[in-house]
Amino acid sequence: MKRFGRSLILGCWYLGLNAGVFAASELTFDVSAQPASLVLGDVDFYDNAPSAGFYLYHFDGKDIAETKLSRISSSGDEVTVSNSAGSESFTFLIKEFENHIAIHLTDMTGVGTGRSYALRLILSSNSSVCAYTLNDLMEASDGTTVTLNWPYLWGPVRPDGSHGSVVLYNDGLSGTARDAVLAEIWSAQGTAGYMVKPKVASWTETDVMAWVDAWATKFATLSKVSVAPVNETELYEMTDAYVIPSGANRVYMFSTIWRGEYQLNKLSMYDVNTDIFPGGKSDLMAYSDYLATHGAHLQLKSLGPAIGANDTRYVSSTAVDHRFSCWGRGTLAEAIDSYATTIKFRRG
């Protein structure tokens, strides 16, 4: 019972936080799911505020109902909290490290698709805590009142198995002490798959700091050249005549050049312009490798993830890819046929 409830003495739940019993970092809850301790890097941040705890919000289309989740159980590093009836519950993986704590929402029941719900964890601190989200399925505000918010419970589960992840660490650090904590976070969470990291065999804290030092040295000075060729031959001619002699270490290519479209229409964000790169992605990578041999790297302009409105792989005049998200449901108010020009739709 590592996560909540230290001991049961004479029928009363014991919440004593004796000096010297802390892990390097620790987050625990009492029997009513109220936060009972918050330690980061051996520093006690706990502040017993009655407003702290887990809250579930439900929107019925008109009003928002707030429920404080007061039931809790634990197994190893997993914590499950629910309402008093146990009908709506959420499971978290809470991992403690030397200088930070990682919180991952891993499962939920009783909320259907989750579209009408939002979840929040409030932690009250006696000093400033940084809450850094590891993905876009959640939001966080930090300081002395830390609010962790999962407003997108309807979002698809991430490849790492989470519905939203965040790390907590001491925001009062600076200089090399802060660097060491950030290296610990990137090493631990990158290795576990919750953060993006370089494609390397080892990603220890020492590896992180060495990589950062190498990156800073490589880009201590930065010079950029933009190229806009019309074909592959011209691309390499420009590179040999202008980029390499200039000593530039970044080559910038606009999306209309390397991909063939800016605002996606018929292409996807992964398409490659075969006028410039006849072999597609493999030729683009070959050009990137060519630049690397001359101390430069390729920077590609892109947009956020999107699908072209006329990308026939996903949208056609007769069908739409079934993986598109559904943003609403309803029924036809009147029957239609292939000649109909108007659809009368009654929303759900």
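Leaving aside its neighbours within four places in sequence, which residues is Ile-103 in contact with? In this predicted model, the contacts of Ile-103 are Leu-27, Phe-92, Leu-93, Ile-94, Leu-121, Leu-148, Trp-150, Gly-164, Ser-165, Val-166 and Leu-168. Ile-103 also belongs to the largest nonpolar core, which has 33 residues, and is among the members that touch the most other members.

**Nonpolar cores**

- Within the largest nonpolar core, the residues that touch the most other members are Val-81, Phe-90, Phe-92, Ile-103, Leu-148, Trp-150 and Leu-168, and strand 12 gives the most to this core, with six residues.

**Strand 12 and its partners**

- Strand 12, which covers residues 117–133, is joined by six bridges to strand 6, residues 53–59, and the two run antiparallel; in this pairing His-58 stands opposite Tyr-117 of strand 12.
- Strand 12 is also joined to strand 14, residues 143–150, by seven bridges, again in an antiparallel arrangement, and here Arg-120 stands opposite Asn-149 of strand 14.
- With strand 15, strand 12 pairs in the antiparallel sense over five bridges, and one of the facing pairs consists of Thr-133 and its bridge partner Val-166 in strand 15.

- Three strands make up an open sheet in the order 3-4-5, with antiparallel pairing.
- Strands 3 and 5 stand at the edges and have a single partner strand each, so one side of each is left without a neighbour in the sheet.
- Strand 3 and strand 4 run antiparallel and are joined by four bridges, with Thr-28 standing opposite Ser-37 in strand 4.

**Two loop residues with positive phi**

- Most residues other than glycine have a negative phi.
- Ala-33, although not a glycine, has a positive phi of about 70 degrees; this residue lies in the loop between strand 3 (26–29) and strand 4 (35–40).
- Asp-42 likewise has a positive phi, near 70 degrees, in a residue other than glycine, and is found in the loop between strand 4 and strand 5 (43–44).
- Are these two residues buried or exposed? Ala-33 counts as buried because its relative accessibility is 1%, below the 20% cut-off, whereas Asp-42 is exposed because its relative accessible area of 53% is over 50%.

**Helix 3**

- Helix 3 comprises the 15 residues 232–246 and reaches 20 Å from its first C-alpha to its last, close to the 21 Å expected at 1.5 Å a residue.
- At Thr-239 the helix bends by about 40 degrees, and Thr-239 is also one of the buried residues of helix 3, together with Leu-235 and Val-243.
- An α-helix has 3.6 residues a turn, so residues three or four places apart point the same way.
- The buried residues of helix 3 pack against strand 16 (224–226), strand 17 (250–253) and helix 5 (281–292).
- At the start of helix 3, a side-chain oxygen of Asn-231 comes to within 3.2 Å of the backbone nitrogen of Thr-233, while just after the helix Gly-247 takes a positive phi of about 80 degrees.

**Two further loop residues**

- Asp-311, found in the loop between strand 18 (297–300) and strand 19 (330–332), is buried, with a relative accessible area of 1%.
- Not counting residues up to four places away in sequence, Asp-311 touches Asn-265, Lys-266, Leu-267 and Ser-268.
- Leu-173 is found in the loop between strand 15 (165–170) and helix 1 (175–191), and with a relative accessible area of 28% Leu-173 is partly exposed.
- Apart from neighbours within four places in sequence, Leu-173 is in contact with Arg-178 and Val-181.
- Leu-173 and Ser-128 are 45 residues apart in sequence, and their C-alpha atoms are 10.0 Å apart in space.

Definitions and conventions. Residues numbered from 1 in each chain as written. Heavy atoms only, no water. Buried < 20%, exposed > 50% of the residue type's maximum accessible area, 1.4 Å probe, protein only. Expected span 1.5 Å × (residues − 1). Bend = angle between axes of the 7 residues up to and from the residue. Contact = heavy atoms within 4.5 Å. Polar contact = N/O pair within 3.5 Å; in protein donor to acceptor, adjacent residues only side chain to side chain. Pairing = 2+ DSSP bridges. Core = buried A, V, L, I, M, F, W, Y, C linked by side-chain atoms within 4.5 Å.
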